[in-house]
Amino acid sequence: MSEQARVGIVLVSHSSALAEGAAELAGQIGGGTVLIVPAGGTEDGGIGTSEAKVRKAVLAANAGAGVLILPDLGSSVLTVRFLLSEPGALPEPVALADAPFVEGAVAAAVAAAVGGDIKAVLAAAEEARNARKL
Amino acid sequence: MPESSEAAITLTGDLHARPAGSLAVAAAGFVAAVQIAVGDACVDAKSVLSVMALGATNGQQVVVRATGPDADQAVAAIIGILAAATPVGG
């Protein structure tokens, strides 16, 4: 599993700082071998989401094995769904995860780090819905 | 009959987020099923969120069990990571 391309991860948030912080945290826990790209905030740095930022992040995160996209909530989901509906907007394969933002990012980072494919990384992120903190 | 292995260690640090990540990444590299147990709780070592949820802290005993062809190596690797855990903040 050492040389194969790993699944990349894009963290979509309304807040640039939230996306960047979650990417930093998940990267550290996952051991730093996975491309985790934040796509937070609007193009002018405000709170919101940007199709262009998300698209750019997905292209940057794709090492050839596909990209898992994890949105925080609300319009993050709508923005990703819009891009998924546009033919050719995103590379294949991509998957949209229905998972808590921090736990999902951490679980996905570990699954990608150990060479899981896009289905395995998506499953790991979505299993985080059932993970208890205490 | 699959090979199995077990060892225990008393933590000298806390099993916080980063060591939990290292542990899950290392465990996933083995064919063997690997479990770690603290008290009555026992979780899949390959699940980072489950390992974190154990909330194992300095002074607690952790038991590592593996079943599979590389069980011995898996237990040795996981014990090594647990031995290196440092107190929270480290």
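Helices (H or I, at least four residues) and strands (E, at least two) are DSSP runs, numbered from the N terminus. A residue is buried if 20 or more other C-beta atoms lie within 10 Å of its own, exposed if 12 or fewer, and partly exposed in between, with C-beta atoms placed from the backbone. The model is predicted: local features need pLDDT of at least 70, side-chain atom pairs count only at pLDDT 80 or more, and totals for chains, interfaces and linings use all residues. Residues are numbered from 1 along each chain as its sequence is written, while chains are lettered from A and ligands numbered from 1 in the order in which they are written.

In helix α2 of chain A, residues 51-61, the buried residues are Lys53(A), Val54(A), Ala57(A), Val58(A) and Ala61(A). These residues lie on the same side of α2(A) because they cover an arc of only 130° around the axis. The arc is that of the directions from the helix axis to the C-beta atoms. In α3(A), the residues Ser76(A), Thr79(A) and Val80(A) are buried. Their arc around the axis is only 95°, which puts them on the same side of α3(A). The exposed residues Leu78(A) and Ser85(A) are carried on the face of α3(A) turned away from its buried side. The cover over the buried residues of α3(A) includes β1, α2, β3 and β4 of chain A.

Helix α5 of chain A, residues 118-127, has Val121(A), Leu122(A), Ala124(A) and Ala125(A) as its buried residues. They cover an arc of only 160° around the axis and are therefore on the same side of α5(A). Among the elements that cover the buried residues of α5(A) are β3, β4 and α4 of chain A.

The strands of chain A were examined next. Strand β3(A) has five of its five residues buried, so it is largely enclosed by the rest of the structure. Val67(A), Ile69(A) and Pro71(A) are buried on one side of β3(A), and Leu68(A) and Leu70(A) are buried on the other. Likewise, five of the five residues of β2(A) are buried. Ile36(A), Pro38(A) and Gly40(A) are on one side of β2(A), with Val37(A) and Ala39(A) on the other, and both faces are covered.

Two strands pair if DSSP finds at least two bridges between them. β1(A) pairs with β2(A) in the parallel sense over five bridges, and Val10(A) has Val37(A) as its bridge partner in β2(A). β1(A) also pairs in the parallel sense with β3(A), over five bridges; here the bridge partner of Val10(A) is Ile69(A). β3(A) and β4(A) run parallel and are joined by three bridges, with Leu96(A) in β4(A) as the bridge partner of Ile69(A). From β3(A) the chain crosses through α3(A) to β4(A) in a right-handed β-α-β crossover. A crossover is right-handed if, with the strands pointing away from the viewer, the path from the first strand over the helix to the second runs clockwise. A right-handed β-α-β unit is also made by β1(A), helix α1 of chain A (residues 16-29) and β2(A).

In the loop between α3 and β4 of chain A lies Pro93(A). The peptide bond that joins Glu92(A) and Pro93(A) is cis, with omega about -10°. Most peptide bonds are trans.

The largest nonpolar core has 72 residues, and those with the most contacts inside it are Ile9(A), Val10(A), Leu70(A), Ala108(A), Ala109(A), Val110(A) and Ile78(B). Helix α4 of chain A (residues 101-113) gives the most to this core, with 10 residues. A nonpolar core is a set of buried Ala, Val, Leu, Ile, Met, Phe, Trp, Tyr and Cys residues joined through C-beta atoms within 7 Å. Two residues are in contact if their C-beta atoms, placed from the backbone, lie within 7 Å.

The contact between the chains takes 14 residues from chain A and 12 residues from chain B. On the side of chain B that touches chain A, α1(B) supplies the largest share, seven residues.
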